[in-house]
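Please find my notes on this model below. They are meant for someone looking at it for the first time, and they take the points one by one.

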Amino acid sequence: MSNIASAFSTGKAFIPFITCGDPDLETTAAVVRAAVDNGASLVELGIPFSDPTAEGPVIQGANIRALTGGVTTDKVFDLVRDLRQDVTVPMVFMTYANVVFSYGAERFISTCRDIGIDGLILPDLPYEEKEEFLPLCREYGVDLISLIAPTSENRIAMIAKEAEGFIYLVSSLGVTGVRSEIKTDLESIVKVIRENTSVPCAIGFGISTPEQAAKMSSISDGAIVGSAIIKILEKYGKDAAPYVGEYVKSMVEAI
Amino acid sequence: MTNPNGRFGIHGGQYIPETLMNAVIELEEAYNKYKDDPEFQAELTELLNEYGGRPSRLYYAAKMTKDLGGAKIYLKREDLNHTGAHKVNNVLGQALLAKKMGKTRLIAETGAGQHGVATATAAALFGMECVVFMGEEDTKRQALNVYRMRLLGAEVIPVKSGTATLKDAVSEAMREWTSRISDTHYCLGSVMGPHPFPTIVRDFQAVISKEIKEQMLKKEGRLPDAVIACVGGGSNAIGTFYNFIEDKDVRLIGCEAAGRGIDTFETAATVNTGRVGIFHGMKSYFCQDEYGQIAPVYSISAGLDYPGVGPEHAYLHDIGRAEYVPVTDEEAVNAFEYLARTEGIIPAIESAHAVAYARKLAPTMDKDKIIVITISGRGDKDCAAIARYRGEDIHE
């Protein structure tokens with residue numbers, strides 16, 4: 001069983017997303033610890049990419065701030081080494097295929113294992129292209145996380161059957177970002193997922209309020225929140241950690 | 001050349017969000033249904049000929065040939081097409097396909113504005129809604145084309161993210177497509193992006209080399225020794241190359257925008273300076289840093305100012321079938337002025353990159369050799385920017 005399963009073993013999972021190096025890596029480390037101290041079950045760490053095509057304006061902004069600050073893949077690896085001195089919850093990377101490919105896929109994925117990264121989320125690597133990295137992920141014991149979208153329809157069963165770690169269910173059409181309302185019929189998607197796998201399923205994209213998190217985790221195994229946290233970082237910068245902690249606490253209590 | 005997964009050697013593929021997968025599968029199925037359908041092809045040919053103005057001329061540039069003193073030079077006049085560039089070949093094909101698929105809205109990216117204008121034109125003709133994404137920097141460089149698109153009824157959205165040029169316009173169009181798929185076709189303008197776009201766009205542009213071949217056989221009774229075209233994403237180049245790929249004696253030469261030079265950071269010469277990566281839905285060559293961050297490329301030409309190249313070009317480079325040469329801003333501007341004065345033809349600054357290389361190549365070849373240069377577009381849109389490059393303060 002993958003380490004990721006432990007995040008879902010004691011109830012619903014709250015999964016915060018944080019772009020590494022926004023505004024600097026010291027702040028990222030403090031924010032991750034604040035989130036974990038307040039009940040985050042799994043942490044999604046974003047390695048910034050120059051052209052994040054699946055992201056809305058908020059996370060695009062975080063990517064630009066991080067890259068402008070000089071963050072690199074190697075510096076993010078160092079951050080994880082530091083975090084792993086005391087952080088025990090599962091951690092996964094969220095980045096784009098080129099960041100992995102360009103670093104050298106084997107070098108990247110073996111480093112993930114060495115530093116304690118449990119999974120990899122690549123929004124531009126659909127089912128048809130997963131062979132690009134899957135053999136290496138299996139070799140090094142890093143779960144390659146599958147995404148399922150509102151438009152997946154006839155593809156849900158196929159993707160779910162081969163899913164590892166957890167399934168990232170995209171709540172809505174479009175890019176990441178806060179939404180006032182999520183209209184997709186997620187229950188019926190989750191039903192098909194359940195029929196095909198026992199791998200847990202967490203919902204992300206557009207979730208910002210405790211009410212939304214409660215609703216999303218009631219129909220799945222957890223809620224993923226990115227843009228709402230990045231907005232706190234945008235507002236408080238280097239002083240964001242306690243505010244993120246407070247926010248995570250409210251979300252964890254809600255689910 | 002395309003295998004079922006849309007690969008050209010190691011290049012190509014479908015590196016896109018899951019949200020878009022069914023959309024590209026639907027597109028591939030529709031394309032496979034219509035590409036060999038005689039009715040669809042007859043309708044498209046009628047559109048290309050009667051509306052688009054095809055076939056375009058293959059013009060013998062006698063003065064240029066004499067002046068350069070080497071190979072005979074022919075110009076494939078895609079600049080004479082309706083809307084002023086080769087872009088219309090692809091757009092009429094995709095718009096017709098979108099109509100058959102029941103789509104009512106076209107979205108597109110544009111660099112120089114030629115693809116945006118062509119898409120806006122097709123949308124007007126087919127009665128479709130049209131939204132064009134254009135880097136804010138390019139809306140300034142190509143203000144006339146922004147006006148043309150709006151005149152044709154399209155909404156033009158200036159993209160401010162990243163370098164505010166073509167790559168950011170592509171990213172934004174992809175983001176828009178993920179948010180609205182059911183009624184919207186993404187009319188991609190070059191032989192790039194996820195499968196099946198590189199194949200579809202190539203097939204619609206292959207009319208260029210099909211005509212060159214027929215026209216050349218008629219005029220000269222033989223094939224040319226070299227065909228030359230500019231390469232950004234590479235649609236006019238693949239159109240120019242495609243029907244000659246199996247004719248091994250025909251040199252295929254793509255001219256990349258070197259900007260201020262391939263030894264500087266201000267360049268967009270992807271094959272010459274980039275390395276293999278994954279971006280915008282495809283594996284291909286990209287200008288990028290050691291960590292895979294896409295480089296902020298530069299060229300005077302908004303249409304070639306792109307950090308990647310279509311996957312079939314990457315493959316033709318890998319197997320040594322096509323050559324990709326860098327041409328600087330200065331060489332392109334000189335060629336822009338040269339063709340205007342020598343032949344009375346003002347080429348697009350993109351196409352001027354191909355003219356520039358031909359000026360170097362022709363004198364090294366014997367007089368019984370033949371070169372075809374594809375003039376992919378006309379240069380009216382570039383006059384103000386070139387004047388400014390030369391220090392004249394002209395505003396449109």
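**Notes on chain B**

1. Within chain B, 40 residues of domain 1 are in contact with 42 residues of domain 2 of chain B. The model is a predicted one. On the domain 1 side of chain B, the elements that give two or more residues to this contact with domain 2 are β2, α4, α5, α6, α7, α8 and α9 of chain B. β2(B) gives the most, with five residues. By type, that side of domain 1 of chain B divides into 17 nonpolar, 19 polar and four charged residues.

2. The domains of chain B are each made of two segments: domain 1 takes 7–48 and 86–201, and domain 2 takes 54–84 and 206–389. Their centres, taken over C-alpha atoms, are separated by 22 Å.

3. Chain B also touches chain A, in a contact that takes 27 residues from chain B and 32 residues from chain A. On the chain B side, two or more residues each come from β2 (11–15), α1 (18–34), α8 (166–179) and β11 (275–279) of chain B. The largest share is that of α8(B), with six residues. This side of chain B holds 10 nonpolar, 13 polar and four charged residues.

4. Helix α1(B) has 17 residues and spans 25 Å from its first C-alpha to its last, close to the expected 24 Å. Its buried residues are E18(B), T19(B), L20(B), M21(B), V24(B), L27(B) and Y31(B). An α-helix has 3.6 residues a turn, so residues three or four places apart point the same way. The buried residues of α1(B) pack against β6 and β7 of chain A, and also against β2, α4, α8 and α9 of chain B.

5. Chain B has an open sheet of six strands with mixed pairing, in the order β3-β4-β14-β9-β10-β13. β3 and β13 of chain B stand at the edges with a single partner strand each, so one side of each is left without a neighbour in the sheet. Direction ignored, neighbouring strands of this sheet are turned by 30 degrees against each other on average.

6. Strands β9 (226–231) and β10 (251–259) of chain B pair in the parallel sense over six bridges. The bridge partner of V227(B) in β10(B) is L252(B).

7. Helix α10 (207–220) of chain B lies across β3, β4, β9 and β14 of chain B, running at about 45 degrees to β3(B). Helix α14 (329–343) of chain B packs on the sheet and touches β10 and β13 of chain B, its direction making about 85 degrees with that of β13(B).

Technical notes
Residues numbered from 1 in each chain as written. Chains lettered and ligands numbered in written order. Predicted model: local features only at pLDDT ≥ 70, side-chain atom pairs only at ≥ 80, totals over all residues. Contact = placed C-beta atoms within 7 Å. Helix = DSSP H or I, 4+ residues; strand = E, 2+ residues; numbered from the N terminus. Nonpolar A, V, L, I, M, F, W, Y, C, P; charged D, E, K, R; others polar. Pairing = 2+ DSSP bridges. Axes fitted to C-alpha atoms, helices over the stretch in contact; angles between N-to-C directions. Expected span 1.5 Å × (residues − 1). Buried ≥ 20, exposed ≤ 12 C-beta atoms within 10 Å, placed from the backbone. Domains from an automatic or database assignment.
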